[in-house]
Amino acid sequence: IPREEEDDEIGDNNKKGDNGVNNGEDDTTSTSTDPKAKKAKVEKGMSSSTITSSSSSSSSTSQYKPDITILPALGTHFPMTETQIKTMFGNQLSAKQQQQQQQQGTKVENKDKDDATNKDKGPFLVHDWRNDVVTIGHAPAQMVSDATNGKVNEPWPAQLNKLVWEKRKEKVLTGTGTDTDTKKKKKALILSIGQVVPHEVMGMANFNKNLFVGVGGVEAINLSHFIGAVHGMEKMMGRASNPLRSILNYASEEFLQKELDLFYILTVMGTNERTGNVEMRGFYIGNDIQCYNLACELSLKVNFTMLERPPKKIVVHLDEDEFHSTWLGNKAIYRTRMAIDDGGELIILAPGVKQFGEDGEIDTLIRSHGYIGTPAILEAMEKHPDLQKNLSAVAHLIHGSSEGRFSITYCPGHLTKEEVEGVGFQYDDLDAMEKKYGTKKLKDGWNNISVANGGGDSETEEVYFISNPALGLWAVPSRFDDSSHETRDNTTGAKSNQTTISTNREQSASSNSGDVGGWKKPPSSS
């Protein structure tokens, strides 16, 4: 990224102690892609972010003034708040954003409205996944059919934010204005920055997902989530190579790499076992899939935990500032479902959760249909046009059910017992569960704790604790290795003899869905 005055603030915020990042110790890894790609070495820790940044110049010594905009890859999530921007990007960029927002609507002398629009909005733009996109091509329907075992037979649309796609055009750069100045044409540099971790929809997060989903459109996002859900979560998570990723890779090769000056900056973060701090373990820069594959190799070593035996009880804590909805908080389910024992219990401590969906429409769909299990949701989809028009919500509802294999107890800070049980989860009081399990005293992994029983005595209970589900994937060998086993989650993964599902290209119920992960009765512990 070309340096300008704000960059000093970004650099200051990346020092050890500000964000818990390791300054080059332990397993920090540096790699590169092919000889044409950018190379980088980790010498000091850096915080990871998921943004797309463009500029009209690629050198801090250029005679041309850098013009940098930052487009957070929101997907379907809420826009970043001022506090979040300040935390991730530093005080100076945050102040500049606020200053330019305050100047919005001010008449700029000698400039028309369109010319001043982006400058007035500040360096940070907001991605509108429903309206600000353009379809740049399609992946063949046969690829989609193969990925879903014939469940879906239609092409996948490659969609991007319009501002990103506009960067494929060469722009005349204005120089210093001297007599010796020569006008030059150059494409804007696009940097796609983000963290590689196991992901429930894509197998592994980031790379071209940052563009086609992070700044993609509703049709592409919904269909990609649905493809991943129908293919089967247990056949996706932790796998860099899978049918859905192949669809995105096809779109990258056919459209992005030919048109955009695009580079990826990928990080791998992990928890230091000695300090408990989250540290950078790998930093990768490149313009092709090799950069991503190398990051995935390290992420599986750093972010993947294979347990020798399945826990009967898992307690997951969701950070209050990061997780405000079950749409995000259900990572606690996705990342642990291949580890927890049959008949086990997953307890989710969620002090910040106050809603189900990240926007009003999806929140309404979740409340209406609930986490009722794959067969019931696919059946409901055939009957309800609102689900056919929002495949992303269908995928989320499939992912969020335990399929009756284990129970899920949500302990939210801002949802009522009736709301939680209305979508199919069990409910418990957050304060009571925090007191019972002493979350602040637990360490990540196995814990033996003393819990009071109904008779006034105490007994020892074994609990597996996870402080941040977003940073890992947990499994036992039998579930991870045998991903094709029919009973791995009862119903996930489409079968080739099933009928093709009707979907709606214009992507834009029952209440009281049950008590335990969408099932009326808890699963048997036998």
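**Salt bridges across the chain**

A network of salt bridges links Glu200, Lys331 and Arg335, a salt bridge being a side-chain nitrogen of Lys or Arg within 4 Å of a carboxyl oxygen of Asp or Glu. The model is predicted, so to speak of local features a pLDDT of at least 70 is needed, side-chain atom pairs count only at pLDDT 80 or more, and totals for chains, interfaces and linings use all residues. Residues are numbered from 1 along each chain as its sequence is written, and side-chain values use heavy atoms, with hydrogens and water left out.

Searching the whole structure gives 13 salt bridges. In one of them, Lys331 pairs with Glu200, with 3.4 Å between the closest N and O atoms. This pair joins distant parts of the chain, 131 residues apart: Lys331 sits in helix α12 (residues 331-334), and Glu200 in the loop between β9 (198-199) and β10 (203-204). Helices (H or I, at least four residues) and strands (E, at least two) are DSSP runs, numbered from the N terminus. Both Lys331 and Glu200 are buried, that is, under 20% relative accessible area, where exposed means over 50% and partly exposed in between (1.4 Å probe, protein chains only).

Strand β19 takes us to two further pairs. Glu462 forms a salt bridge with Arg309, the closest N and O atoms lying 2.9 Å apart. Because Glu462 belongs to strand β19 (residues 458-466) and Arg309 to the loop between β13 (304-306) and β14 (313-317), the pair ties together parts 153 residues apart in sequence. Glu462 is partly exposed, at 34% relative accessibility, and Arg309 is partly exposed at 40%. Glu461 and Lys313 also meet through their side chains in a salt bridge (2.6 Å, N to O). Here strand β19, holding Glu461, is linked to strand β14, holding Lys313, across 148 residues. With 12% relative accessibility, Lys313 counts as buried.
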